[in-house]
Amino acid sequence: MIRNFFIYLAVLIVGILFFASMVLFAIPAFQESTLALTGLSSSSSGSGEAGTDKQSIEADVNKLQKRLDSFTPTNAYMVVNTSDNHFFLYKGKQLIRDGVCSTGKNEKLVSAERKYEHVFYTPFGVRKVLRKATNPVWKKPDWAFIEDGMPIPSANDPSRWETGTLGAYKMEIGDGYMIHGTIYKRRMGMSVTHGCIRLLDDDLEAVYKAMEVGSKVYIY
Amino acid sequence: MKENSEEDFDSLFVENKRSGVKYIVIIIVLSVLTLTAIYAYLSVSSVRDRMKVAQVQAEGSPQINSSLLTQFKEKAWLESRIKMANGDSIGLSIDLEQRRIQLELKGVVILSSKIRDCSISGFFRKMDGNVYFAMFGTPLSIQQFKSSIAKNPFKIVEAPKDTIAAQAAADAAAKKDSLADENVFWTVKLDRGFDLDIQGIDSIAEAQKKYELGKGFEFERNLKNIASSFQHILRFSKPDYTPEILISIPENEAKAILRALPRNALVTIRI
């Protein structure tokens, strides 16, 4: 009786295992192989697009490649990776410098008491250098005071103006965003800014000298 | 005539039970084989149906001379990237021939990563020129994103009430700056009926280890397949078949691409 029971059980287990392995491995593997499509006739194929031969297609390919290449700026441009906090400075397709940077902290600052909210992030897309300046003075916006737990002063209060915070150079890229230096060097390579792109002193100088007004900044 | 003893009666009973077990065993074996054969048939026919649909969709497009397929593929690849460059959004270009995956913005390559490992469904290997162009001749568009990590992580912070609270918050933030160990894998549904799966791995050994631990993309996918398979078997219906392209790239790049791509981004693929 016991022997029969074990035979029955063994057959049942082998059957289940066989079925499971077929369903989970063998059949999907067969589906993913080209064997599943064996013998299926291909869709009607003609003798080629009207007026096309190898030379004309190759000429088209060359033309298209040139067109695609023309999208890459010939002067200096910058690529900023906000995920790794790394920047790349190119001229044409040649990388001339890269290094660590800091970008937006992806944070929304809210103050229920003051009925205020502000989002800190570095926007993705392509921007242009609109203005350049040396030894910039930073006019602290309202969020800088709210973040520090301080009362907001009037628009032209002297406490709003700070020298040295932005480093030796700044490049404005629109909507209040800038590429600038920092005094918080320990936090470079981290997503800690209010949306601007911070660079180390040497990198900032190299970028400032290479980039002109109109140079592009690609941010992702 | 011999009279049946008690012992003889029992032996007859055992004999009957043995033949009963035999029949049960035969029934189980036959059921398993039948179910397997039916499921195999339904699975294969779903792949073939998918190809037939793709062929019907390709009928309207210009006929491709198979001897010039390589040149046509190159042309389609460039045309598709130029179309993508005309938009303002970041797009993804995947060149399985050169094993490269790139982020492009306005025609400029802003991230380029070497593909470490790649597997594609047999469906793509069996495509003829016409189906290829119907599928990859123009940029594809992302329909749906699923990822193991947040696509756009954002946190809401309550402004401090005074300078002491501000200093405490700044100190706490500084302590949290260590990088978290994350498993990065994401999948997108593309508008031409197939899936693109991206897995972040820094080595093949690491990917295998992740699979064993159940944290890898393929493990999750197999788990889903189990559930789906059994549902179809019970209903005797054709399982859904979605061709897939699975790409493995370094983890930080898989994360950067996920975060950079808009939800409806365009994708150009060359196989």
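In what order do the nine strands of the open sheet in chain B run? The order is 3-2-1-10-5-7-8-9-4, with mixed pairing, where strands are DSSP runs of E of at least two residues, numbered from the N terminus, and two strands pair if DSSP finds at least two bridges between them. At the edges stand strand 3 (108-114) and strand 4 (117-120) of chain B, each with a single partner strand, so one side of each has no neighbour in the sheet.

Before I go on, this is a predicted model, in which local features need pLDDT of at least 70 and side-chain atom pairs count only at pLDDT 80 or more, while totals for chains, interfaces and linings use all residues. Residues are numbered from 1 along each chain as its sequence is written, and chains are lettered from A and ligands numbered from 1 in the order in which they are written.

Within the sheet, strand 5 (residues 140-147) and strand 10 (residues 266-270) of chain B pair in the antiparallel sense over two bridges, and Ser141(B) has Leu266(B) as its bridge partner in strand 10 of chain B.

Turning to chain A, Asn81(A) lies in strand 1 (residues 76-81) and counts as buried because it has 23 C-beta neighbours inside 10 Å, the cut-off being 20 or more other C-beta atoms within 10 Å, with C-beta atoms placed from the backbone. Leaving aside neighbours within four places in sequence, Asn81(A) is in contact (C-beta atoms, placed from the backbone, within 7 Å) with His86(A), Tyr220(A), Leu111(B) and Ala256(B).

Definitions and conventions:
Helix = DSSP H or I, 4+ residues; strand = E, 2+ residues; numbered from the N terminus. Buried ≥ 20, exposed ≤ 12 C-beta atoms within 10 Å, placed from the backbone. Contact = placed C-beta atoms within 7 Å.
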